[in-house]
Amino acid sequence: MKLSEIKEILPTLENIEFQLENGNFVPEHFHVTEVGQIVKNFIDCGGVIRNEKVVNFQLWDADDYEHRLKPEKLLHIIQLSEEKLGIENSEIEVEYQGETIGKYDLEFNGKNFILKNKTTACLAQETCGIPTEKQKKNLSELPVSPTSACTPGLGCC
């Protein structure tokens, strides 16, 4: 989800709820402690220099049980970050504390914001020799060794 999308959704909501993919909810008294833009400059294992930008939201579960962040307040924080930090309309990445700090993509299911698990990947699969998709072969094309062939009566089937 891009920053522009959440800015369109927030005015339509009465409350903000974040839900993990496993169905658990971020407690209602969460705080958005940071809104910023993260720039990552790196070189992948194939030697290609890359640049990524994400808008980062950090969620924090505090002991402030009376706190409820309203959509208008989050929209104000976003607008302030755009004004003061020059944040661009990039994909949103959410940080949330589990056993360690987790990074999540963000989606909206019509009611709740869903924290989608992120995964790692090789960005240079062709250079590393990793096939982009599993190669399909017909069984008739596979080599068969006469000593390893299973025939009736051998007890291998």
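Mentor: Let's start with a facing pair: glutamate 93 stands opposite aspartate 105 in S5. Before we go on, keep in mind that this is a predicted model, in which local features need pLDDT of at least 70 and side-chain atom pairs count only at pLDDT 80 or more, while totals for chains, interfaces and linings use all residues. Residues are numbered from 1 along each chain as its sequence is written, and side-chain values use heavy atoms, with hydrogens and water left out.

Our facing pair belongs to the meeting of S4 and S5, which run antiparallel and share five bridges. Strands here are DSSP runs of E with at least two residues, numbered from the N terminus, and two of them pair if DSSP finds at least two bridges between them. The link from S4 to S5 is a hairpin of three residues.

Now look at the other partner of each strand. S5 also pairs with S6 (residues 113-117), antiparallel and over five bridges. There, glutamate 107 has isoleucine 114 in S6 as its bridge partner. The hairpin of S5 and S6 has four residues between the strands, and its glycine 110 takes a positive phi near 100 degrees. S4, for its part, pairs with S3 in the parallel sense over five bridges; glutamine 58 finds its bridge partner in S4, at glutamate 95.

S2 and S3 make a hairpin with five residues between them, where glycine 47 in the turn has a positive phi of about 90 degrees.

Put together, the strands make an open sheet of six in the order S1-S6-S5-S4-S3-S2, with mixed pairing. S1 (18-20) and S2 are the edge strands, each pairing on one side only.

Let's come back to glutamate 93 from another direction, the largest pocket. About 530 Å³ of space lies in this pocket. Its lining has 16 residues, and the closest to the centre are Lys40, Glu52, Glu93, Lys118 and Thr119. Two or more lining residues come from each of S2 (30-43), S3 (49-61), S4 (92-97) and S5 (101-108). By type, the lining holds six nonpolar, two polar and eight charged residues. For the terms, a pocket is an open set of points on a 1 Å grid over the protein atoms alone, where a 1.4 Å probe fits and protein lies on both sides within 12 Å along at least five of seven lines; lining residues have an atom within 4 Å of a point. Volume is the space filled by probe spheres set on the points. Asp, Glu, Lys and Arg count as charged; Ala, Val, Leu, Ile, Met, Phe, Trp, Tyr, Cys and Pro as nonpolar; the others, Gly among them, as polar.

Finally, a word on charges elsewhere: the whole structure has eight salt bridges, each a side-chain nitrogen of Lys or Arg within 4 Å of a carboxyl oxygen of Asp or Glu. One of them joins glutamate 28 and arginine 68 at 3.4 Å, N to O.
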